[in-house]
Amino acid sequence: MNFLDEFKQMACWYSDKTALTDCNGTRKTTYRELYSLCRKIEAKLSWSGNFSQRAVLVCMDRRMEYIAAEIGILMAGAAFVPVMPQYPKERIDDIKKNCQAAAVIDESWMLDLHTYHSFEKIKVPDSGRAMIIYTSGQAGRPKGIVQSMEDITRVVRHGRNAINLTQKDVLGAIAPMSFVILLFEYFSVLSCGGCVHILPEEVCTDVSRIEDYYAQHEITCAFIRPQILKLFKKKGTSLQKVAAGSERVSMACGDGCELYNWYDSSETEMMVASYRVETGETESLNEINLSPEMILKDRTREAIAELYVQRHESSLEKFIGYRQEYPLTDSQAGVYMDYINDPDSVMYNIPLICELPEAVEKDRFVQSVKQAVAMHPSFGVNIVLSNGNPMMYMHEEYLNAQIEEFEADDLETVKKTFVRPFALDGEPLYRTALWRCRGRIYFLFDVHHIIFDGASAEVFLEEISFLYSGKEPKPEEISMLDLSII
């Protein structure tokens, strides 16, 4: 049996049970109604031609029809490609062209479904294309990763078994519907007779409203990123099982609630392993030893790379032009929520200190630092609210680094004066300085994690060294700002 067989079985066993709920809990559909809608979508595709193994985009807001479209596409023997209407038009067009989409299912496509009737059911091969998920583009232009029906079924079963989902569970779905976690949030639950609440977009970004929704609708399980989970305060009494992504986690989900950490949940490997976090435990999965039986997908990264829909010779080609505002990535949004909760914290500061050689030419070094900063557009942003949403806002003047100089006798004094909280909406999110102490000169650099990470530190220092020696470092081919909108 594959996922489609399991879903059909649930539609028979629990025909009058609620399968999906949306519109803030006010609109519901039963398993019988959902299965019928999926078959109508399958019928319209089948009457339109042979869609076997062809790609079909799904582009709708957060609503139950989105999930019905994906299942209907699978029933027609095609591969669904989930995107969101909030994506920039350039990104949607690029994905459509890349996967050679045969159709796009949006709200208007669904309007005449009532005129279609069930088509002769197509035998869907387990090895055929079933889903194409596009990467975020961190390694260049987003690439489509192909998953078969066999792959989907494995992930669905792993998610179901990992946290012991049953027909009694009610899951509160808050992740973007175009992310691979949709297989757990929707398919795993629908394969065992449970119910999924699709929380509205405006609720998904507000921790207190998520908590209130979970409590009001007696949500029993959810997938919640650790950065959001640790901000939960009320928790409620209904939440029994929480799955989290492969970040550092803690027992922040309340007494009596089981917490599960999943490792390597991504477009290419999805869930490779999972384990239950015991009370008081804080490590992430990359700090534990994985046993062979925990491995879900036996393909190597190299093998998966061969499943790209189409290869681009110039994978780092950009197609988004300059703009003043840029949306936050999911990771940045988590950091921003932590900042709102505790704006005086230095938890996300990344301070660096380097002793400079005695023979260093100070003015030349300062100029090298300024050049290195100017090479990276991300140093030019801070975070502002635009129509109620946090956005990265470009300030060209921030790219002209101001390097202060001061003297102090000990490191503790430096820590207190230099390493201090950043006002995300009121200043550059980095600072630089030269510290003189007992005849020595130290380069100080402090930057907020919302625009920088630990791995970038070595690259940044290497660029300064290259510039100081008169060499040209490799230019940034795709910036963090580009990644936020592609």
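User: In which hand does α1 pass α3, left or right?

Analyst: This is a predicted model. In it, the crossing of α1 with α3 is left-handed. The contact involves Phe3, Leu4 and Phe7 on the α1 side, and Ile71, Leu74 and Met75 on the α3 side.

User: What classes of residue make up that contact?

Analyst: Six nonpolar residues form the contact of α1 with α3, with no polar and no charged ones.

User: And at what angle do the two axes cross?

Analyst: Helix α1 covers residues 3–13 and helix α3 residues 64–75. Their axes cross at roughly 120° and come within 11 Å.

User: Why are they called oblique rather than perpendicular?

Analyst: The roughly perpendicular class spans 65 to 115 degrees, and the crossing is at roughly 120°. The pair α1 and α3 is therefore oblique.

User: Turning to the sheet: in what order do the strands of the open sheet lie?

Analyst: The order is β14-β17-β16, three strands with antiparallel pairing. At the edges are β14 (325–327) and β16 (381–386), each of which pairs on one side only. Neighbouring strands are turned by 40° against each other on average, direction ignored.

User: How many bridges join β14 to β17?

Analyst: Three bridges link β14 with β17, the strand of residues 389–394, and the two run antiparallel.

User: Which residue is the bridge partner of Glu325?

Analyst: Glu325 has Tyr393 of β17 as its bridge partner.

Methods. Residues numbered from 1 in each chain as written. Predicted model: local features only at pLDDT ≥ 70, side-chain atom pairs only at ≥ 80, totals over all residues. Heavy atoms only, no water. Pairing = 2+ DSSP bridges. Helix = DSSP H or I, 4+ residues; strand = E, 2+ residues; numbered from the N terminus. Axes fitted to C-alpha atoms, helices over the stretch in contact; angles between N-to-C directions. Parallel < 35°, antiparallel > 145°, perpendicular 65-115°, else oblique. Left-handed = near helix turned anticlockwise from the far one by under 90°. Contact = heavy atoms within 4.5 Å. Nonpolar A, V, L, I, M, F, W, Y, C, P; charged D, E, K, R; others polar.
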